[in-house]
There are 2 protein chains.
Amino acid sequence: MAEQLARGSGIRKTWEECARMKAQFGEDAVCDFTLGNPIAPPPPGWSSALREAVAEDAPGAHRYMDNAGHGEVRRRVASYVQADSGIAVPASNVLMSCGAAGGLNVVLKALLDPGDEVITLAPFFPEYPFYVDNHGGRLCVVETGDDFQPDPQRLAAAITSRTKVVLVNSPNNPTGAVYPAAAVGAIAEVLAEAEARLGHPIYLVADDIYRRIVYDGATVPWALALYPNTIIVNSFSKDLNVAGERIGYVVVSPRAEQAQAILDACAMTTRILGFVNAPSLAQRVVSRCLEASTEMAEYRANRDVLCEAFARAGFRVQKPQGAFYLFPKCPGSHELACCADLRGRGIFVVPGSAFGRAGHFRVAYSVPHQTCLRAAAILSRLA
Amino acid sequence: MAEQLARGSGIRKTWEECARMKAQFGEDAVCDFTLGNPIAPPPPGWSSALREAVAEDAPGAHRYMDNAGHGEVRRRVASYVQADSGIAVPASNVLMSCGAAGGLNVVLKALLDPGDEVITLAPFFPEYPFYVDNHGGRLCVVETGDDFQPDPQRLAAAITSRTKVVLVNSPNNPTGAVYPAAAVGAIAEVLAEAEARLGHPIYLVADDIYRRIVYDGATVPWALALYPNTIIVNSFSKDLNVAGERIGYVVVSPRAEQAQAILDACAMTTRILGFVNAPSLAQRVVSRCLEASTEMAEYRANRDVLCEAFARAGFRVQKPQGAFYLFPKCPGSHELACCADLRGRGIFVVPGSAFGRAGHFRVAYSVPHQTCLRAAAILSRLA
């Protein structure tokens, strides 16, 4: 674990230096774009649902329930997913999880035998390597293009007889890229071909945590509708700004091979990993506000200000259609020098190598709009 | 995982058959002693603390915090443990966890290198083998005596150069045995001697989840006070009857070797296992009702009725001083035959081999008193 602690130190060091600067020179001395921690309060739907759930004080409300969650909560989530995706989802195919991080660990432990391979697309969320390693898997990284879109040929080339899972994240952390239906369809085609050739299922695990954080009318296709062996992992952390409450869900496609065995295994891994069940009260609250979502106007304004400011300052930046991250390219210089230069000007970002792509950096813009305006002013002097 | 699912089927099968009987013949047709799921509502202290925490609606209350938990919550837990144990505990040595199950997984992943050995005392909580296996450890089982008390000589004989952890649980699930200070002191002596001989620390991990469920004035010593390399894992599940809310804590003794490195590792394993942090709201609630506890009178009455009834019916039964379990010995016959015989009479219990000791069975008496009276009537006919 000491080795892993050392490995994980890139983001932490940036964040710690940023915290020191804030402590020394005040909050306004730096523009902190290091962490994707939404700052807005939960939407009103959450607050009223919370008050209702507490007032109701149903008998047994705080007791153990099935490892997969409260039956009524699973029914409501299933209905919601069914209505949104157009795919029939029985309540028994939903498992409530401790956020997406909990859901991904539960699913990977359920699926992986030692040495099984998990393919993910770079740039990727830096926790994925840990999640795969936790359960004896081997992470195989496939590059996306300059536009951060999946490359079906590279994906096909990376599949081996040990490939058990392909883990995708759209809208993507750290790039904000959204994979359109055609891109997910192309992945599905590659996987279906490989399955037929290899004679065993390859599960597409879709980390949908940013599904509802999209701009400019972008829509996020449901992998459920495009590929039978799909498992969805989702969370309310970003929709409802309740990342600290640890609540999300897993949906195993009813069309997946061995769907029931996977659901049984997920209930068991929920138990033996020590989650036991997603927090009871949070389950009951989210089930009452499945349609609620955080306000997107400020995120959009932040994105627009920062995209323009970085572009004018000479950075190549892909305008993201989702999530709340930019992933600009460093112009010429090495990424660490580039990030150090920005840091010297008070702009704290995370080097791209933490996400599996050097030469870039991540800008998490789930911050007050004022911070983006200050950064834009600094960048305009740089231009 | 399919193999592990099959392994874990003993308790589940009993519970499922019991559920079928209830569905078919009504709740009163069977006496369900299969699961340790407290049925009482949370004490009033929890309910008022919950309403307060919700009404307060502090800014950022639902956001991510440090992986170890809210600073103020950790300070309150540290003060509570310090006052109760007499050992100085800084807030930085407390980490909030998703119950004891989450805490144990976090601690074991933080401590274990592949192949490290974890000693536990039989009979033991049947999830321990999974928790150890999850993180590449090897479980070594040491028998207790007929009185279910630790045997220092057997413990000493089981220690090898790979022993990293000794995991104890007092009051014990499934026996209800409480280890007095002298017993924990004797364990401490064995471990200190082994540490000196082997030249590396052996951590005593104390699963204290039933610490406050005790009878007849029994007191549970704090291992913190008796052995430097101690890590406490605790939960509010049983004290407050909120097992579904997944809230507990870990205390790393400030006197432990590499205490800071262990705390850093536990924060990291909390993160990478997908807990990220203990549920935020539950943290804030328990920190306001650390002194609250469930009512013991009904548990005590249940214990007394069942102890007498099983003893009269010819079972040897050790009167437990804590928790809410009896672990009677089957008279003569094989445990499965014995459990099947009881089941035939409507009394559902779990075979002892699930807990690492055959020839016994566990009776979980966190049930309505009426259920115990019905069982006593059935047992009196058997006598």
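**Close-up 1. The area buried between chain A and chain B.** In this predicted model, chain A and chain B bury about 4400 Å² between them, with 57% of that on carbon and sulfur atoms. On the side of chain A, the residues that lose the most area to chain B are Met1(A), His62(A) and Tyr64(A), and together they account for 17% of what that side buries. If you count residues in contact, you will find 51 from chain A and 51 from chain B.

**Close-up 2. Polar contacts and salt bridges across the interface.** Here we look at pairs that reach from one chain to the other. There are 32 residue pairs in polar contact between chain A and chain B, with both residues at pLDDT 80 or more. Two salt bridges also cross this interface. In one salt bridge, the side chain of Glu127(A) meets that of Arg271(B), at 2.7 Å from N to O.

**Close-up 3. The side of chain A that touches chain B.** Several helices of chain A give two or more residues to this side, including H1 (2-7), H3 (44-56) and H5 (99-111). Which helix gives the most? That is H9(A), with six residues. Sorted by kind, the residues on this side are 28 nonpolar, 13 polar and 10 charged.

**Close-up 4. An open sheet in chain A.** Three strands line up in the order S9-S12-S11, and their pairing is antiparallel. Strands S9 (325-326) and S11 (350-351) of chain A are the edges, each pairing on one side only. Two bridges join S11(A) to S12 (residues 361-364) of chain A. Look for Val350(A), which stands opposite Arg362(A) in S12(A). As a reminder, strands of a sheet pair through backbone hydrogen bonds.

Notes. Residues are numbered from 1 along each chain as its sequence is written. Chains are lettered from A and ligands numbered from 1 in the order in which they are written. This is a predicted model: local features need pLDDT of at least 70, side-chain atom pairs count only at pLDDT 80 or more; totals for chains, interfaces and linings use all residues. Side-chain values use heavy atoms; hydrogens and water are left out. Two strands pair if DSSP finds at least two bridges between them. Helices (H or I, at least four residues) and strands (E, at least two) are DSSP runs, numbered from the N terminus. Contact means heavy atoms within 4.5 Å. Buried area is the accessible area (1.4 Å probe) that two parts lose on being put together, summed over both. A salt bridge is a side-chain nitrogen of Lys or Arg within 4 Å of a carboxyl oxygen of Asp or Glu. A polar contact is a pair of N or O atoms within 3.5 Å; within protein, one must be able to donate a hydrogen and the other to accept it, and residues adjacent in sequence count only if both atoms are side-chain atoms. Ala, Val, Leu, Ile, Met, Phe, Trp, Tyr, Cys and Pro count as nonpolar, Asp, Glu, Lys and Arg as charged, and the others, Gly among them, as polar.
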